[in-house]
Amino acid sequence: YVRSKDLKGVRELVDQCPPFVRWYFLPDRLPDDPRRVHLWEDERGKLKGAAFLRGPSDDISGTFYLSYAVHPDAATLVGEAVIHWGKTRSRELFAPPLILSCRASIADRTRIGSLEQQGFRSREEKEILVLSRRLDKSVRNHPLPGNYVARPFSNEMMEEWIRLCNQTQGEKLTSEERMGW
């Protein structure tokens, strides 16, 4: 069980991590569901790792997002335990879990290596890698229905995509905000 006072320790842990983790991970508050957060301490009670699972409660996509911070002197050992916890816990929280994703800086070879060793594969988004892993059985390759075509996203499609997103999500975001994604 994680208490509110643990958030201070998490902030101190994150301060010792690489810049990407400090930027991406630092939570303002702990998740409402205590099953979505886990802390790792050494034998002296010093915090060495913290992880949070964001993701579906009833979302049909089944995609969970694992955010974690690991003290630099425990990166390999605790990092592997964190990833294992994320895979196991997402399976427990949502059946069937389909995808577990985690972000990493391209420069953080330790984090990327730990994720890749546990079956994650990457897709690059500028200086950030998003590594994902299917948590269920392989999905058969199904053809697209009717007149649908899959194609890469292009800058020419941006304005139409923004219009569609703003209409369906009730937002008024700009192309600069969307491109930042």
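View 1. Glu41 has Leu47, in β2, as its bridge partner. We're looking at a predicted model here, and in it β1 and β2 run antiparallel, paired over five bridges. Five residues sit between the two strands of this hairpin, and Gly45 takes a positive phi there, near 85°.

**View 2. Strand β2 pairs with β3 too.** β2 (residues 47-54) and β3 (residues 63-70) are again an antiparallel pair, this time over six bridges. Pick out Ala50 and you'll find its bridge partner, Ala69, in β3. β2 is mostly covered, with seven of its eight residues buried.

View 3. The structure holds one aromatic pair, and here it is: Trp40 with Trp85, edge-to-face, 6.0 Å from centre to centre and with 85° between the planes. Trp40 belongs to strand β1 (residues 37-41) and Trp85 to helix α3 (residues 75-93), so the pair ties together parts that are 45 residues apart in sequence. Both Trp40 and Trp85 are buried.

View 4. Along α4 (residues 109-117), the buried residues include Arg111, Ile112, Ser114 and Leu115. These four span an arc of only 160° around the axis, which puts them on the same side of α4. After α4 comes Gly119, with a positive phi near 95°.

**View 5. Arg111 over a tyrosine ring.** Back to Arg111, one of the buried residues of α4: Arg111 lies over the face of Tyr68, 3.7 Å from the ring centre.

Methods. Residues are numbered from 1 along each chain as its sequence is written. This is a predicted model: local features need pLDDT of at least 70, side-chain atom pairs count only at pLDDT 80 or more; totals for chains, interfaces and linings use all residues. Side-chain values use heavy atoms; hydrogens and water are left out. Rings of Phe, Tyr and Trp (its six-membered ring) pair if their centres lie within 6.5 Å; planes under 30 degrees apart count as stacked, over 60 as edge-to-face and the rest as tilted. Buried means under 20% relative accessible area, exposed over 50%, partly exposed in between (1.4 Å probe, protein chains only). A charge sits over a ring if NZ of Lys or CZ of Arg is within 6 Å of the ring centre and within 35 degrees of the ring normal. The arc is that of the directions from the helix axis to the C-beta atoms. Two strands pair if DSSP finds at least two bridges between them.
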